[in-house]
Amino acid sequence: MSRRIWAVLQHRDGKLHRMSWEAVAAAQELAGRLGGRVEAFLLGNGIEALAREVAAHELAAVRVADDPALADYTPGGYVAALAPVLRAEQPDLVLFPHTYQSVEYVARLAQASGAGLLPEAVGFELVDEQLIWKRPIFGGKLHARVRAKGAGPLLVSLQSAAFSADGLRAGAAPVQKLAVEIGADDAGREILGVEQAGGEQVDLTKADVIVAVGRGVGGADKMAPIEELAALLGAELGASRPVIDSGWLPRDRQIGSSGQTVAPKLYLALGISGAIQHLVGMKGSSVIVAVNKDGGAPIFKVANYGVVGDLHEVVPALVQAIGELRS
Ligand SMILES: Cc1cc2nc3c(=O)[nH]c(=O)nc-3n(C[C@H](O)[C@H](O)[C@H](O)COP(=O)(O)OP(=O)(O)OC[C@H]3O[C@@H](n4cnc5c(N)ncnc54)[C@H](O)[C@@H]3O)c2cc1C
């Protein structure tokens, strides 16, 4: 049976989100394995150039909802644009990048269109012609293998870097207008402006050594020994998202799917559990050393060296040992 596979793409300021290409690549891979056709969806206003860029790939069509009501992303506007076409056309699979944006509106879209929802997929396999998805559970400690039951569309959000955009197949797809009707109240909010938080003042991508801290550090007041260790190693400080959200370090230190992607020679992960959103930003490091109290923490799966212990004991011991070696 030929499947209809859609990929709904995310963009901002005239640029497609990196993960949009990963969603297109995943859709092409699924179509190749299952048999089917891929349509890409773009929502926005004044997005002809983006549509042309997407159309240069092997797709059955690029379907474009170009409407002033979609000039700014709002969950209500996106649901109002996509739910009717989903209900009317009943595609088999609809893929989204797993981002803050899709986390916000895709569950609402599933509810509004009667579709199934499978968030945060990191892969798929075909077993006896059944499509089985893989997704992390319990903070990435386990992977669940999930099969969708019942009929109707399945909305799937794809975790960052789960699919590579390297194998994207080029082509020449037709661009088709998607008629939408978005009511004045659908957006549910008025966007007054968009501000860049912090900016990327520190370019961690160039660092050879990174000492990264996670929630396990326990607070901004506990950072002094870690800063001392970083200074001794000539390292930049990095962090997981909770550290940034708690205000313990500035936003430009965040590493992961919504932060910077780094590949230093040495990455020291202190009190970081190793959630997939963090791993995608650092797993390309040459040597990873993890310190964590929990021997079952997923960070140990990617670490070359691991210390199961309290970072507040391990870090001062490291500082002392490096000091002794140098003197
Ligand atoms: C759309 C989206 C985007 C995201 N983007 C990012 C991103 O870019 N980057 C990112 O990092 N996260 C991101 N996240 C969040 C991510 O899912 C995790 O919640 C986050 O990475 C967990 O951070 P953590 O490991 O510091 O905290 P936790 O998961 O709470 O882990 C803390 C760890 O510290 C250990 N610990 C506690 N005390 C000590 C001690 N004294 N000594 C040693 N170990 C100790 C614990 O055993 C635990 O393993 C994103 C999430 C979503 C939904």
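Domain bounds, as used in this report, come from an automatic or database domain assignment. On that basis, the chain of this predicted model is divided into domain 1, residues 3–177, and domain 2, residues 204–326. The centres of the two domains, taken over C-alpha atoms, are separated by 33 Å.

## The chain as a whole

The secondary structure of the chain comprises nine helices and 17 strands. Along the principal axes, the C-alpha atoms fill a box of roughly 70 × 50 × 35 Å. The radius of gyration is 22 Å, which agrees with the value near 20 Å that a compact globule of 327 residues would have.

Of the 327 residues, 43% count as buried. Among the contacts in the chain with a separation of 6 or more, 66% are accounted for by residues 24 or more positions apart.

## Where the domains touch

How many residues of each domain take part in the contact between domain 1 and domain 2? Nine residues of domain 1 are in contact with ten residues of domain 2. Sorted by class, the side of domain 1 that touches domain 2 has four nonpolar, four polar and one charged residues.

## A pair of packed helices

Two packed helices are described by the angle between their axes and the distance between the axes. In this model, helix 5 (residues 224–233) and helix 9 (residues 311–326) have axes that come within 9 Å and cross at roughly 30 degrees. The crossing of helix 5 with helix 9 is left-handed. Helix 5 contributes P225, I226, E228, L229 and L232 to the contact, and helix 9 contributes V315, P316, L318, V319 and I322. By class, nine residues in this contact are nonpolar, none is polar and one is charged.

Leaving aside neighbours within four places in sequence, V315 is in contact with P225, I226, L229 and L270. V315 and L270 are 45 residues apart along the chain, yet their C-alpha atoms are separated by 8.7 Å.

## Two glutamates with positive phi

E120 and E129 can be described side by side. Phi of E120 is near 65 degrees, a positive value in a residue other than glycine. E129, likewise not a glycine, has a positive phi of about 65 degrees.

Which of these residues lies in a strand, and which in a loop? E120 is found in strand 7, residues 116–121. E129 is placed in the loop between strand 8 (123–127) and strand 9 (130–137).

Their surroundings can be stated as counts. E120 has 21 C-beta neighbours inside 10 Å and therefore counts as buried. E129 has 7 such neighbours inside 10 Å and therefore counts as exposed.

D221 lies in the loop between strand 13 (209–213) and helix 5. With 8 C-beta neighbours inside 10 Å, D221 counts as exposed.

R169 belongs to the loop between strand 11 (154–158) and strand 12 (175–177). This residue counts as partly exposed, because it has 14 C-beta neighbours inside 10 Å. Apart from residues up to four places away in sequence, R169 touches Q28, H57 and E58.

A263 is located in the loop between helix 6 (241–245) and strand 15 (266–270). With 16 other C-beta atoms within 10 Å, A263 is partly exposed. Not counting residues up to four places away in sequence, A263 touches G284 and S285.

| Pair | Separation in sequence | C-alpha to C-alpha distance |
|---|---|---|
| D221 and W248 | 27 residues | 8.3 Å |
| R169 and A110 | 59 residues | 29 Å |
| A263 and V287 | 24 residues | 9.3 Å |

Methods
Residues numbered from 1 in each chain as written. Predicted model: local features only at pLDDT ≥ 70, side-chain atom pairs only at ≥ 80, totals over all residues. Axes fitted to C-alpha atoms, helices over the stretch in contact; angles between N-to-C directions. Helix = DSSP H or I, 4+ residues; strand = E, 2+ residues; numbered from the N terminus. Left-handed = near helix turned anticlockwise from the far one by under 90°. Contact = placed C-beta atoms within 7 Å. Nonpolar A, V, L, I, M, F, W, Y, C, P; charged D, E, K, R; others polar. Rg over C-alpha atoms; globule rule 2.2 N^0.38 Å. Buried ≥ 20, exposed ≤ 12 C-beta atoms within 10 Å, placed from the backbone.
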